[in-house]
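Morning, everyone. I want to talk about charged side chains today. Please look at the model first.

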Amino acid sequence: LKRQRKGTATSNNNNNKRVEVIDEVFEVAEMLHDLLFPLQNCGKEGMTTQSAIFSMCENYWHGNFEDKELFVTQLIPLLLVKSLEDTAQKNDVKRLCSIRDAIDLLDFECESITTLKNHLLRTVANPLFLQSTEGKKFITHLFQVDASLVVDLHKAIKVQLFEAKRSI
């Protein structure tokens with residue numbers, strides 16, 4: 001017998017269905033997730049593939065499957081960077097906002113998170129985040145994640161106040 005992973009997936013009619021995921025499917029999904037960073041350097045085809053894997057990881061997270069946290073470790077930083085790029089669109093912020101609860105899993109005491117933390121701090125100065133409902137929700141959530149992050153968020157906001165445009 002193969003061990004099965006179970007999760008809940010919600011359909012459009014709000015009924016919860018139990019979904020079984022066999023180990024082989026989980027392993028393939030895990031391998032695809034592990035390819036997210038390497039695909040950054042693979043041109044247009046790599047970005048297309050990466051986008052499909054993003055969707056798979058997001059669906060796994062939203063499906064509330066067992067071990068779903070394993071599928072956001074690379075997804076969070078990549079969606080964050082993508083949403084901060086000059087070419088970012090509201091949909092990029094919306095996608096990041098939809099997995100904002102995954103940020104609660106991060107250990108903000110660990111030094112290895114410094115780069116990611118700096119990217120999170122950049123959101124409070126980014127017009128795309130400040131002008132969209134999802135961006136505001138995302139920033140609001142950051143204030144509930146970690147006490148040390150809150151201190152840094154306040155500092156980042158104070159720096160922006162003197163140069164901020166009224167329209168933002």
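This is a predicted model: local features need pLDDT of at least 70, side-chain atom pairs count only at pLDDT 80 or more; totals for chains, interfaces and linings use all residues.

Residues are numbered from 1 along each chain as its sequence is written, and side-chain values use heavy atoms, with hydrogens and water left out.

How many salt bridges are there? The count comes to two. The rule is a side-chain nitrogen of Lys or Arg within 4 Å of a carboxyl oxygen of Asp or Glu.

Start with Glu58 and Arg95. Their closest N and O atoms are 2.5 Å apart. Helices here are DSSP runs of H or I, at least four residues, numbered from the N terminus. Glu58 is buried at 8% relative accessible area, and Arg95 is buried at 14%. Buried means under 20%, exposed over 50%, partly exposed in between, with a 1.4 Å probe and protein chains only.

Next, Asp152 and Lys117. That salt bridge is 3.0 Å, N to O. It links helix α8 (residues 147–161) to helix α5 (residues 114–122). Asp152 is partly exposed at 22%; Lys117 is buried at 14%.

Now Asp92, in helix α4 (residues 90–98). Asp92 is buried, yet has no salt bridge. Which side chain of opposite charge is nearest? Lys82, 4.1 Å away. The Asp92 side chain does reach the backbone nitrogen of Gln89, at 2.9 Å.

Notes. Helices (H or I, at least four residues) and strands (E, at least two) are DSSP runs, numbered from the N terminus. Lys and Arg count as positive and Asp and Glu as negative; His and the chain ends are not counted. A polar contact is a pair of N or O atoms within 3.5 Å; within protein, one must be able to donate a hydrogen and the other to accept it, and residues adjacent in sequence count only if both atoms are side-chain atoms.
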